[in-house]
Amino acid sequence: MNESEWKIHWSNSLSVGVPEIDEEHQQFVARVNELNEAIVECRDKPTVERLLDLMLMEASHHFWHEERLLVKWKYPQRAAHAAKHAQLMRQFERVMKEFEQADISFTWALKGLHIKQLLVDHLLHDDMKFRDFLRNKENPKQRVDKTQVRKRSRAAV
Ligand SMILES: [Fe+2]
Ligand SMILES: [Fe+2]
């Protein structure tokens, strides 16, 4: 497999605009690439297992950190977002258990890829929603627009 087919490259389009969260997401992308590389190169099961363990440990810490910030920012969908994190962790734990029992390399390679895909999807879809929320909150133009709307609606009364 060509490297460009599986490697994820960090770009500004993945940034949520919060340096501490971007840093963790960047670390996550690096971890995903490391895991993919190990799978593509057919490394031994303990190597892939160690990388998966590390990725899940970091994901768990990252989820906790992100949820604390979502509360601080008063993100309206914070409860639903936290529920998605919890659901992902349950899926990971189940896959890790199956992974430990699987002998056939093809099976555990697929499980590794499945976990990775779930995490990438969460970053691309769910985390981008709070990025948009923060952007709207911090964009002065939008605030002006809202003020004008309020003024207009008051004038209309
Ligand atoms: Fe998240
Ligand atoms: Fe995240």
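Predicted model: local features only at pLDDT ≥ 70, side-chain atom pairs only at ≥ 80, totals over all residues.
The chain is built from six helices and zero strands, so reading from the N terminus on simply gives α-α-α-α-α-α, with helices being DSSP runs here. Of its 157 residues, 15% count as buried.

Two helix pairs show how the pieces sit against each other. Take H2 (residues 19–40) and H3 (residues 45–72) to begin with: their axes come within 10 Å and cross at roughly 160 degrees. Angles over 145 degrees count as roughly antiparallel, and H2 and H3 are therefore roughly antiparallel to each other. Their crossing is left-handed. On the H2 side, the contact is made by Ile21, Glu24, Gln27, Phe28, Arg31, Glu34, Leu35, Ala38 and Ile39. H3 brings Thr47, Val48, Leu51, Leu52, Leu54, Met55, Glu58, His62, His65, Glu66 and Leu69 to that contact. Sorted by class, the residues where H2 meets H3 come out as eleven nonpolar, four polar and five charged.

H3 also pairs up with H4 (residues 78–101). Here the axes come within 10 Å and the crossing is at roughly 165 degrees, which makes H3 roughly antiparallel to H4. Once again the handedness is left: the crossing of H3 and H4 is left-handed. H3 takes part through Glu49, Leu52, Leu56, Ser60, Phe63, Glu67, Leu70 and Val71. Facing them from H4 are Arg78, His81, Ala82, His85, Met89, Phe92, Met96 and Phe99. The class tally for this contact of H3 with H4 is ten nonpolar, three polar and three charged residues. Leu52 of H3 turns up in the contact with H2 and in the contact with H4.

Leaving aside neighbours within four places in sequence, leucine 88 is in contact with Leu118 and His122. As for alanine 59, it is 29 residues away from leucine 88 along the chain, and the C-alpha atoms of the two are separated by 9.6 Å.

Terms used. Residues numbered from 1 in each chain as written. Chains lettered and ligands numbered in written order. Axes fitted to C-alpha atoms, helices over the stretch in contact; angles between N-to-C directions. Helix = DSSP H or I, 4+ residues; strand = E, 2+ residues; numbered from the N terminus. Parallel < 35°, antiparallel > 145°, perpendicular 65-115°, else oblique. Left-handed = near helix turned anticlockwise from the far one by under 90°. Contact = placed C-beta atoms within 7 Å. Nonpolar A, V, L, I, M, F, W, Y, C, P; charged D, E, K, R; others polar. Buried ≥ 20, exposed ≤ 12 C-beta atoms within 10 Å, placed from the backbone.
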